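Please keep the sequence and the structure open while you read.

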Amino acid sequence: MNGTALRTREKDRLDVDFDRYASGYVDDVDRSVSFTGRNSAFYARRKVELLEEIVQQGSRSLEGLSLLDVGCGTGTTDRLLAPRVRSLHGVDVSAEMLVRARQNVPEAQFSWYDGATLPFDDGSFDVVVAICVLHHVPLSQRDRVVSEMVRVCRSEGFVAVFEHNPYNPLTRHAVNTCELDRDAEHRHYLFSPLGGRSGRSLDRHLRKIPLGGQYVSWVRR
């Protein structure tokens, strides 16, 4: 997370030394969300649940699919995704983040990424996701990042982007206290720190209200 990225959305350049934050990344995020009574693993699980719901719209499940995580960090979400998918590949601009991702999720593959061109052929994956990554990317480069995600996604596959909601005051608090930090559908979630069926039900009923802690946008290619 990066508070400056949210506060200066029109800034065309954002320099973040992700290698510097790699060793303490999870601890930093956990501290920034501790006021909710939850940790980063809880929010990672919620994203995996939502991704499963998105894929089910195509009468499929994550099981048996290949997935690419763009901006995988230290693999917090990938640790939960790996047992659910056929194959998992993560990319990141930080070599140090990738070192820790390989340690945390040895069953997945991880590669360095220059932030511009994904090192894969067209149509290589069934699902391509970017989880709380785009707010780190300068505005002038965001179209390129998303276009690359679409390029490496197979026909009938899904491209999904998860992001922080800058209009939610609790999200702004979490972001600001973290040191690091056409046919598309759109859904808000994390209206409360409730887990399980209750939390999912609340998110489902309020998903069109732009006040959830985060949101996800996706498209079927």
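Glu156 sits in strand β5; helices here (H or I, at least four residues) and strands (E, at least two) are DSSP runs, numbered from the N terminus. The backbone of Glu156 has a positive phi of about 75°, although this residue is not a glycine. Cys132 also has a positive phi, of about 50°, without being a glycine, and Cys132 belongs to the loop between β4 and α7.

How accessible are such residues?

| Residue | Relative accessible area | Class |
|---|---|---|
| Cys72 | 8% | buried |
| Cys132 | 14% | buried |
| Cys153 | 1% | buried |
| Glu156 | 40% | partly exposed |

A disulfide is a pair of cysteine sulfur atoms within 2.5 Å, and by this rule the count is zero.

A word on where these values come from. This is a predicted model, in which local features need pLDDT of at least 70, side-chain atom pairs count only at pLDDT 80 or more, and totals for chains, interfaces and linings use all residues. Residues are numbered from 1 along each chain as its sequence is written, and side-chain values use heavy atoms, leaving out hydrogens and water.

The pLDDT, which is the predictor's confidence in each residue from 0 to 100, has a mean of 75 for the protein, with 61% of residues at 70 or more. Confidence is highest in strand β1 (residues 66-70), at a mean of 98, and lowest in helix α1 (residues 3-7), at 31. The pLDDT is below 50 over residues 1-14, a stretch with 40 contacts in the model beyond near neighbours in sequence; contact means heavy atoms within 4.5 Å.

Now for the interior. A nonpolar core is a set of buried Ala, Val, Leu, Ile, Met, Phe, Trp, Tyr and Cys residues joined through side-chain atoms within 4.5 Å. The largest one has 27 residues, and Leu51 and Leu67 have the most contacts inside it. Helix α4 gives the most to this core, with five residues. Not counting residues up to four places away in sequence, Leu67 touches several partners, including Leu51, Leu81, Phe125 and Val129.

Finally, look at helix α7 (residues 139-151), where Val145, Glu148 and Met149 are buried. These residues lie on the same side of α7 because they cover an arc of only 100° around the axis, taken from the directions from the helix axis to the C-beta atoms. Ser140 and Asp143, on the other side of α7, are exposed.

Notes
Buried < 20%, exposed > 50% of the residue type's maximum accessible area, 1.4 Å probe, protein only.
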